[in-house]
Amino acid sequence: MDLFLQLFITGIMLGSIFALVALGWVLIYKCSGVLNLAMGELTMIGGYVCLGLYQRFVTTMPIEYAFLLALIGTIFVGLFLGLLTERIFLRKMIGEPILAVIMVTVGLSFFFKGMVFIIWDTDTQVFLPRVFPIEPAVIAGVAIGQVYIWSFVAALILMVIFVSFFKYTRWGLSMQACADDEMAALSLGVSAKFVYALAWAIAFMAAGVGGTLLGNINGLNYSVSLLGLLVLPVVVFGGLNSIPGAIVGGITIGILQNLSGGYLDRFFPGGIKEIAPFVFMVIFLLFKPYGLWGWERIERV
Amino acid sequence: MSYLPCGYYFEDYADDQKWWRTRFIKGKMILMVVLLAILPLLVDSQWLSVAYTINYYILAALGVQLLIGYCGQITLGHAAFVAVGGYTTALMMLNVPWPQSMIDGGLVYPICIICAGFLAAIWSVLFGLPSARVKGFYLIMTTMAAQWITVPLVITQYVAQIGGRGQAFSIPTEMIKIGPFSIDSDTKIYYFSVILVAVCLVAMGNMVRSKLGRAWIAIRDNDIAAETMGVNIVGYKLLAFFVAGFFAGIAGAFYISALFFVSPEHYEWFFSLLWVGIILIGGVGSIQGLVFGSIFVVMVFKLLEIAVMGSSDLLMASYPQLGWMTTKIIFFKEAAFGLAIIFFLIYEPNGLSYRYWQLKNYFNLWPFSYTGK
């Protein structure tokens with residue numbers, strides 16, 4: 001029972017990171033209709049940028065400030081990269097067929113991956129000195145690594161910020177309008193280009209923070225981008241254009257992944273942890289193709 | 001279809017649909033066959049291996065072209081089916097107690113190729129089943145799941161452990177033999193690949209211009225309209241997955257002869273995306289485009305490699321601090337491939353085959369050429 005509780009709670013906390021990254025994905029899809037397969041690479045870039053900044057800062061100031069500053073720096077770099085990517089690559093693809101847009105994001109993922117490994121090499125890198133203390137915190141008899149708790153808190157704070165930005169600010173409202181009906185929004189003076197750029201910037205920022213947190217848990221290497229790819233089962237589960245769906249889906253997939261890692265690893269030799277969400281996704285698709293709260297599309301000839 | 005030069009008229013449909021419609025096309029094709037036949041005399045074995053890599057990519061991307069270009073079912077997991085083909089061949093060669101007469105007679109490899117094709121086709125249909133219910137992005141997800149389930153889980157963890165040899169299988173050379181011809185040198189691999197590609201391309205071309213192909217194209221253009229016109233869309237979609245899987249299995253079985261061993265890293269997700277990239281660069285919905293795309297991608301990789309490797313001495317001599325570039329050639333390749341896909345999609349969305357079509361028409365209609373934009 002202890003094992004179950006531990007896996008369950010860690011799963012929720014890990015899932016909150018997935019939820020954060022999935023939120024960025026859903027925002028892009030809602031606002032511009034782009035199905036982004038480069039999310040894993042965005043996550044990885046964020047992690048490496050933060051690591052680079054952290055290693056610079058940590059020589060001159062205490063660890064906490066250095067990490068916080070590096071995180072803020074990552075968010076700004078993400079903002080800049082998001083605007084740039086949208087402007088250079090994605091803006092020209094508005095209105096193109098679905099396969100073309102998807103393959104542009106695949107091309108982006110190759111480009112980013114190549115660039116990251118050219119700059120930072122493929123060896124696993126860790127945040128040294130460790131940002132979060134290594135001894136686990138014991139909450140009600142269940143031992144949980146502190147890094148998970150802090151990741152959970154950080155992901156939660158950022159999710160609240162992004163969701164309230166989307167719900168209550170003027171820019172967020174224009175994004176909502178664009179997601180709802182692009183034609184109507186355009187005719188009322190909402191700039192679609194600005195909305196797309198904003199969506200990409202938010203996705204880059206969310207993925208960057210997600211990558212940093214994942215890098216703190218397991219170290220940074222290529223597998224971070226595979227974890228970023230887990231965002232796809234998450235959004236399929238929650239529904240492609242549903243923000244609550246992304247959050248619920250993220251947490252569900254996190255729990256599922258941890259439980260399958262804990263219980264099924266005995267029966268399947270290794271790797272089941274990464275595969276389980278995809279297997280779950282295929283089965284789920286057969287029964288509920290539009291996810292929990294996705295819009296059902298009715299087609300006419 | 002391109003415009004014909006002046007003076008050619010056809011009176012029935014069969015003539016219009018012929019493979020070689022004019023004498024010029026016949027001459028061109030014969031020239032191509034001759035060129036392909038004497039290529040081993042012209043170039044050394046390094047370029048022959050490039051040539052059969054191109055042929056392998058053509059075979060593997062053939063199924064992708066069928067699914068995406070003709071049937072409209074986007075697949076991002078085709079390497080899984082190629083892997084099934086490769087491993088079927090390897091396991092059959094190693095574990096079936098073949099009688100010595102069959103090994104000597106060169107029957108083993110052809111039988112393995114056909115079995116690999118059928119098994120890969122069945123595996124492909126299995127993952128094509130969701131296409132009955134979902135399409136677009138959701139189908140992409142299921143084909144991606146095919147990749148993730150097949151290669152890292154089933155093949156790496158179970159299939160590759162059979163026999164306890166570790167993950168990579170090496171194949172005994174004397175098994176790879178077709179009839180009296182033992183495929184053991186680069187030249188022979190090259191000829192074998194050319195024949196295989198020719199057979200598969202002709203089969204594909206014939207399928208596409210028959211009832212089957214018309215049904216697939218109808219499904220691609222609008223599946224609901226196709227259904228109202230009486231096309232059994234589930235049946236034809238699954239048939240498309242079957243045929244695509246069959247080609248993939250043949251590709252996997254062929255690559256065994258080139259490598260003499262298999263290992264899961266030849267079937268990573270990168271290759272699934274690479275083959276989709278090939279058909280996008282070449283042109284979606286065109287068999288020629290597939291060939292152009294394969295040649296383009298393989299040549300770009302090769303030239304990049306030559307450029308970096310060739311300049312490495314020079315680089316090391318004058319800028320020793322740039323020596324790291326040679327060790328990271330694979331990432332330069334990936335980044336270049338990514339940029340190539342992006343720029344082709346943005347600036348050349350119809351692919352290379354469209355430019356070829358324009359060029360052909362320019363000369364066919366000369367001196368009154370007008371071929372669109």
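How many residues of chain B are in contact with residues of chain A? The legends below start there. This is a predicted model: local features need pLDDT of at least 70, side-chain atom pairs count only at pLDDT 80 or more, and totals for chains, interfaces and linings use all residues. Residues are numbered from 1 along each chain as its sequence is written, while chains are lettered from A and ligands numbered from 1 in the order in which they are written.

**Figure 1. Where chain B meets chain A.**
On chain B, 37 residues are in contact with 37 residues of chain A. Two residues are in contact if their C-beta atoms, placed from the backbone, lie within 7 Å. Four helices of chain B each give two or more residues to its side of this meeting: H7 (137-158), H10 (223-228), H12 (269-282) and H16 (329-347). Helices (H or I, at least four residues) and strands (E, at least two) are DSSP runs, numbered from the N terminus. The side of chain B that touches chain A divides into 28 nonpolar, 6 polar and 3 charged residues. Here Ala, Val, Leu, Ile, Met, Phe, Trp, Tyr, Cys and Pro count as nonpolar, Asp, Glu, Lys and Arg as charged, and the others, Gly among them, as polar. For the complex, the predictor gives an ipTM of 0.83 and a pTM of 0.88.

**Figure 2. Chain A as a whole.**
Chain A has 12 helices and 2 strands. Along the sequence, they follow the pattern α-α-α-α-β-β-α-α-α-α-α-α-α-α. The C-alpha trace of chain A spans about 55 × 50 × 35 Å along its principal axes. With 301 residues, a compact globule would have a radius of gyration near 19 Å, and chain A agrees at 19 Å. That radius is taken over C-alpha atoms, and the globule rule is 2.2 Å times the number of residues to the power 0.38. Of the 301 residues of chain A, 51% count as buried. A residue is buried if 20 or more other C-beta atoms lie within 10 Å of its own, exposed if 12 or fewer, and partly exposed in between; C-beta atoms are placed from the backbone. Among contacts in chain A with a separation of 6 or more, 76% are between residues 24 or more positions apart.

The mean pLDDT of chain A is 85, and 98% of its residues score at least 70. pLDDT is the predictor's confidence in each residue, from 0 to 100. Confidence in chain A is lowest in strand E1 (residues 137-139), at a mean of 77, and highest in helix H3 (residues 63-90), at 90. A:Tyr65 is found in helix H3 of chain A. Why is A:Tyr65 classed as exposed? Because A:Tyr65 has 12 other C-beta atoms within 10 Å.

Chain B is assigned domain 1 (24-267) and domain 2 (269-373). These bounds come from an automatic or database domain assignment. The centres of the two domains, taken over C-alpha atoms, are 22 Å apart. In chain B, 22 residues of domain 1 are in contact with 19 residues of domain 2. Helices H3 (45-70), H4 (78-95) and H8 (186-208) of chain B each supply at least two residues of the domain 1 side. H3(B) gives the most to that side, with 13 residues. The domain 1 side divides into 15 nonpolar, 7 polar and no charged residues.

**Figure 3. Helix H13 of chain B and its cover.**
The 24 residues of helix H13 (residues 287-310) of chain B should span 34 Å at 1.5 Å a residue, and the end C-alpha atoms agree because they are 34 Å apart. The expected span is 1.5 Å times one less than the number of residues. The buried residues of H13(B) include B:Ile287, B:Leu290, B:Phe292 and B:Phe301. What covers the buried residues of H13(B) includes H3, H8, H12, H16 and helix H17 (352-364) of chain B.

B:Tyr347 lies in helix H16 of chain B. B:Tyr347 counts as exposed because it has 8 C-beta neighbours inside 10 Å. The C-alpha atoms of B:Tyr347 and B:Ile176 are separated by 44 Å, and the two residues are 171 apart along the chain. In chain B, buried residues make up 41% of the 373 residues.
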